Amino acid sequence: MHGPATSGWLMVALCAAAGAYCVLRMGSGVEEQRRAAGGEAVMGFGMAAMAVPAAALGPPGWVWPVYAAVFGAAALHALWAARSSAHHLHHAVGALAMVYMALAMTAAPAGHAGHAGGGGAGLPLLTGILLLYFAGYVLVAGARLLPSGAVAAAGAGVRWGDRPELARVCRLAMGIAMLAMLLTM
């Protein structure tokens, strides 16, 4: 990831924390919660790995195709799971965005992703579409966090892994991180 090292490390911490919370959610008593949490944990940890500042740890060239393969498999899994829940379509879009970023890093010389497609001609179309999608997702996810009496009443006695507002915060954080990663490509 390009940009200042401090913001890169903050994104690593945010995505790793989101991934760790999703691992905690995998212990939920609700089956759909467990399934969604697994995909979100993979996404959180993968985003944390991709967000490590290039100045701190320049990954070898073989890492990017491996990321593309892992997230390609995650996208296929999310598409398969979307048969039962439309929420998994968002997981598929996120995983495909990660494939796109990994392939851009593979094609770019010495870690200058995003510049290979246009040579200064502006923002690639797919990057722009993904930015619009995740900006909209972040706005909707943020609006869902607005307080309501039902959330405040439901919070007492609920396990950490089953708290819907924390799952929403986790998804919001990963959406914001995805926006930042797309912007710094």
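Is C15 buried or exposed? In this predicted model, C15 is buried, with a relative accessible area of 1%. I shall begin with the helices around that residue and then return to the cysteines.

Two packed helices are described by the angle between their axes and the distance between the axes. Helix 1 covers residues 5-25 and helix 2 covers residues 31-51; the two pack at an angle of about 160°, and their axes are 7 Å apart. Helix 1 is therefore roughly antiparallel to helix 2. The crossing of helix 1 past helix 2 is left-handed.

Which residues form this contact? From helix 1 the contributors include G8, M11, C15, G19 and C22, and among those they meet in helix 2 are A36, A37, E40, G44 and F45.

H91 is buried, at a relative accessible area of 11%. Leaving aside neighbours within four places in sequence, H91 is in contact with A36, E40, M43 and A78. Of these, A36 and E40 also belong to the helix 2 side of the contact with helix 1.

Finally, the cysteines. How many disulfides does the structure hold? The number is zero. For C15, the nearest cysteine sulfur is that of C170, 9.4 Å away. C170 is itself buried, with a relative accessible area of 5%. The closest cysteine sulfur to that of C170 is in C22, at 3.2 Å, which is too far for a bond, because a disulfide requires the sulfur atoms to be within 2.5 Å.

Conventions: Residues are numbered from 1 along each chain as its sequence is written. This is a predicted model: local features need pLDDT of at least 70, side-chain atom pairs count only at pLDDT 80 or more; totals for chains, interfaces and linings use all residues. Side-chain values use heavy atoms; hydrogens and water are left out. Axes are lines fitted to C-alpha atoms, for helices over the stretch in contact, and angles run from 0 to 180 degrees between N-to-C directions. Helices (H or I, at least four residues) and strands (E, at least two) are DSSP runs, numbered from the N terminus. Angles under 35 degrees count as roughly parallel, over 145 as roughly antiparallel, 65 to 115 as roughly perpendicular and the rest as oblique. A crossing is left-handed if the near helix is turned anticlockwise from the far one by less than a right angle, and right-handed if clockwise. Contact means heavy atoms within 4.5 Å. Buried means under 20% relative accessible area, exposed over 50%, partly exposed in between (1.4 Å probe, protein chains only).
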